[in-house]
Amino acid sequence: MRRALSQIVARMKDPRVAASVGITSVQVAKDLKTAKVRVEIYGESGSEEAQETFAALCRSAGYLRKELSQEFRELRTIPELTFTVDHSLEYSAQIDKILEDIKKNDAHGDR
């Protein structure tokens with residue numbers, strides 16, 4: 001489902017969403033009624049542009065669900081989509097930066 005959603009988002013006509021959103025994971029409930037979709041919004045985190053992109057994505061949930069029904073015709077119901085922003089890549093970058101700073105400080109301290 002993650003792959004299908006990624007492809008649908010990439011084909012969307014709204015350039016804010018198509019160019020700025022990556023689907024990182026989809027967790028579908030066992031009863032197939034709901035799905036939690038974690039997304040990464042490219043660009044500056046917390047910016048007005050990122051917030052507008054996320055809002056546009058949330059507004060397009062009905063469209064995405066309809067498109068998923070075309071992809072997954074064998075499913076009787078398509079889950080209701082709930083979006084959350086995934087900050088894990090941003091967090092990883094911060095950890096990497098901290099580790100690099102520690103490495104630099106250790107290298108300078110060994111002199």
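This is a predicted model: local features need pLDDT of at least 70, side-chain atom pairs count only at pLDDT 80 or more; totals for chains, interfaces and linings use all residues.
Let me start with valine 85, which at 32% relative accessibility counts as partly exposed, a class that lies between buried, under 20% relative accessible area, and exposed, over 50%, as found with a 1.4 Å probe and protein chains only. Residues are numbered from 1 along each chain as its sequence is written, and side-chain values use heavy atoms, with hydrogens and water left out.

Valine 85 belongs to strand β3, residues 80-85, where helices (H or I, at least four residues) and strands (E, at least two) are DSSP runs numbered from the N terminus. If we set aside residues up to four places away in sequence, valine 85 touches Val39 and Phe54, contact being heavy atoms within 4.5 Å. Cysteine 58 is 27 residues from valine 85 in sequence, and their C-alpha atoms are 11 Å apart in space.

Now to arginine 38, which sits in strand β2, residues 34-41, and is also partly exposed, its relative accessible area being 32%. Which residues does arginine 38 contact, leaving aside its neighbours within four places in sequence? They are Gly22, Ile23, Thr24, Ser25, Thr84 and Asp86. With aspartate 86, the side chain of arginine 38 makes a polar contact of 2.7 Å, a term that stands for a pair of N or O atoms within 3.5 Å, where within protein one must be able to donate a hydrogen and the other to accept it, and residues adjacent in sequence count only if both atoms are side-chain atoms. Between arginine 38 and alanine 10 there are 16 Å from C-alpha to C-alpha, at a separation of 28 residues in sequence.

Turning to the chain as a whole, it has five helices and three strands, in the order α-α-β-β-α-α-β-α from the N terminus on. Its radius of gyration is 18 Å, well over the 13 Å that the globule rule gives for 111 residues, so the chain is more spread out than a compact globule; the radius is taken over C-alpha atoms, and the rule is 2.2 Å times the number of residues to the power 0.38. Along the principal axes, the C-alpha atoms fill a box of roughly 65 × 30 × 20 Å. Buried residues account for 28% of the 111 residues, and among contacts between residues at least 6 apart in sequence, 54% join residues at least 24 apart.
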